[in-house]
Amino acid sequence: MESCAVLLYHSSFSPAAGLAAKGRALAESLGGRLGILAPEDIEEAGKIPADVLYTLSAGAAALLPESAAALLQQSAAAAGAKVVLLAATRTGNEIAARTAEALDAGCISECLSLCIDGGRLQAKRDIYGGI
């Protein structure tokens with residue numbers, strides 16, 4: 001598997017399209033490439049601008065979150081990804097948490113902004129319901 005600094009996982013097109021621009025900026029800040037991991041049966045996957053496109057076998061979009069997290073963990077480790085991005089959907093949040101646990105990494109959900117500062121990922125998010 002080719003290496004990438006940022007790996008974006010998606011099982012549907014619309015949320016991932018918005019994450020691609022942020023993923024590209026993060027990858028450039030890290031001096032690396034943006035990779036996208038998507039099921040091969042999602043025809044829009046090739047329309048998202050990425051340096052590397054990793055495809056999963058047909059039907060992977062229907063995986064249970066625990067199976068998707070295991071695949072994402074293996075892919076992120078093999079690609080050497082420093083950041084893994086998922087859409088903040090009900091399933092995306094569950095896959096993110098499971099993947100972070102498997103990678104022994106942090107998980108920040110519902111982020112308002114992300115940036116790389118001093119080689120480290122910085123995130124902003126609301127707490128206490130935005131108060």
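Where does histidine 10 lie? In this predicted model, histidine 10 belongs to the loop between β1 (6-9) and α1. Its relative accessible area is 4%, so histidine 10 counts as buried. Proline 39 is 29 residues away from histidine 10 along the chain, yet the C-alpha atoms of the two are separated by 7.9 Å.

Two or more lining residues come from each of α1 (13-29), β4 (83-85), α3 (90-103) and β5 (113-117). Among these elements, α3 supplies the largest share of the lining, with six residues.

The covered face of β5 carries Leu114 and Ile116, whereas Ser113, Cys115 and Asp117 are on the uncovered one. Strand β5 runs antiparallel to β6 (residues 120-124), and five bridges join the two. Within this pairing, serine 113 has lysine 124 of β6 as its bridge partner. The hairpin formed by β5 and β6 has two residues between the strands, and glycine 118 in this hairpin takes a positive phi near 65 degrees.

The cysteines raise a further matter. How many disulfides does the model contain? The count comes to zero. A disulfide is a covalent bond between the sulfur atoms of two cysteines. To be counted here, the two sulfur atoms must be within 2.5 Å. Cysteine 107 shows how this criterion applies: its closest cysteine sulfur, in cysteine 111, is 8.4 Å from its own, and therefore too far for a bond.

Is cysteine 4 buried or exposed? Because its relative accessibility is 4%, cysteine 4 counts as buried. Cysteine 107, by contrast, has a relative accessible area of 41% and is therefore partly exposed. The cut-off that places cysteine 4 among the buried residues is a relative accessible area under 20%, while exposed residues are over 50% and partly exposed ones lie in between.

Note on methods:
Residues are numbered from 1 along each chain as its sequence is written. This is a predicted model: local features need pLDDT of at least 70, side-chain atom pairs count only at pLDDT 80 or more; totals for chains, interfaces and linings use all residues. Side-chain values use heavy atoms; hydrogens and water are left out. Buried means under 20% relative accessible area, exposed over 50%, partly exposed in between (1.4 Å probe, protein chains only). Helices (H or I, at least four residues) and strands (E, at least two) are DSSP runs, numbered from the N terminus. Two strands pair if DSSP finds at least two bridges between them.
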